[in-house]
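I record each look-up with the criterion applied.

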Amino acid sequence: MNIIGLINVILCFTVYSFLGWMLETAFKSIRGRQFVNSGFLNGPFIPIYGFGAIIVLLWLSIINPMFLPIDPILGLIIKVVIIIVLATLLEYCSGALLETLFKRRWWDYSDERFHIKGRVSLKYSILWGILGYSMLPVIHPLIMQGLGITPIYWRYFLAVSAVVLLILDSIHCVIFLLDLQKYFSARHLNLWRDYFSKWFYIKISNFTLNKLDGYAEYSTCVDDLICHPTIQSMEQFRHHKNTNCLEHSLNVSYISFVLCKALNWNYKSAARGGLLHDMFLYDWRTTTLNEGRHGFVHPKIALDNASVIADINNVEKDIILKHMFPLTWQPPAYRESLLVCLVDKYCALREGLGFNVSSSNVLYQELLQNDPC
């Protein structure tokens, strides 16, 4: 499987996980007469639907040629039976794994007839078979058609963002669901919590910069850059939805600074590289580049522009050049580069959905107040 095929598989998995969440949430909310966020994760995804869809599609792509000489009705029945078996095995194994790890159930068919330990039931297995088969001629062609007309760089961006969000959401849920006292002594538990708090208990989606006391120290990292006319000119270029390039770069820069400082990494380079990473200085929606598509070439353009106004070290160069990975193909060479790459995708996704990290304006005004241009 090539990289484009892998990207398409990831996006199909994400779409089916989201559709499964919509289906279950609607069913449980209507039955309970109140909104119920169904599934294991906090976000709008139920991965078992994504895994189920991918497994069914892969199996049927392998065995489908065997059904060509068979009577169409018999072939349909065989396919539905195969989907029922696959879905039942996946549901049973997933239920057993979740019960073993977290000592609780997310679904229980004990009240249904013909169930096995409450994890699967005949009625719902048949329903999954019908639902799984119906996606083949109806839902899947629409998804593939949508992927076909989506530019490849957007598919890269969406796939990487989906993977990052699903991993972070999964780790966050595991942390709070595991009864850690059973596995760690009090001393190790405190160390464990302290370590992971640096990663996951910093609520990026909710944090406000005015609650953090890092303005002064952050300012010392970027004070030679923030008042430069070229940096200030980034404010005129629209970036993600209602966010301009300067706002986005401040978001990425400050969040990267906070995380790297918490982790005792090179927070100064993260702050400076984050501020300079999108200094391409044009409206990417209306500008045609001779070098290629914006998503692939703007890191090099930003680096060239940044090199004119500042002395940039190797970490900062790597942050600017690699922040669009995997579009840039070469992975980040430093841990700070990888962190900024992930923060950039988080900010871009949040801004693109209209949830701007609005504190960038507060930060900008604070910086100007502390160090007037």
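Entry 1: Helices here are DSSP runs of H or I with at least four residues, strands are runs of E with at least two, and both are numbered from the N terminus. An α-helix has 3.6 residues a turn, so residues three or four places apart point the same way. The side chains of K300 and D304 form a salt bridge at 3.0 Å, N to O; the criterion is a side-chain nitrogen of Lys or Arg within 4 Å of a carboxyl oxygen of Asp or Glu. K300 is partly exposed at 46% relative accessibility, and D304 likewise is partly exposed at 40%. I used these classes: buried under 20% relative accessible area, exposed over 50%, partly exposed in between, with a 1.4 Å probe and protein chains only.

I note that the model is predicted, with local features requiring pLDDT of at least 70 and side-chain atom pairs pLDDT 80 or more, while totals for chains, interfaces and linings use all residues. Residues are numbered from 1 along each chain as its sequence is written, and side-chain values use heavy atoms, without hydrogens and water.

I then asked how many salt bridges the structure holds. The count is 11. One of them joins E112 and K123 at 3.2 Å, N to O. E112 lies in the loop between α3 (72-102) and β1 (115-116) and K123 in helix α4 (residues 122-149), so this pair ties together parts 11 residues apart in sequence. I also found a network of salt bridges linking E99, R105, D108 and R119; within it, D108 and R105 meet at 3.0 Å, N to O.

**Entry 2: E336.** A polar atom of its side chain lies 3.1 Å from the backbone nitrogen of N266. Leaving out residues up to four places away in sequence, E336 touches C260, W265, N266, V315 and I319 (heavy atoms within 4.5 Å).

**Entry 3: helix α10.** I found that 8 of the 10 residues of helix α10 (residues 267-276) are buried, among them R272 and L275.

Definitions and conventions:
Polar contact = N/O pair within 3.5 Å; in protein donor to acceptor, adjacent residues only side chain to side chain.
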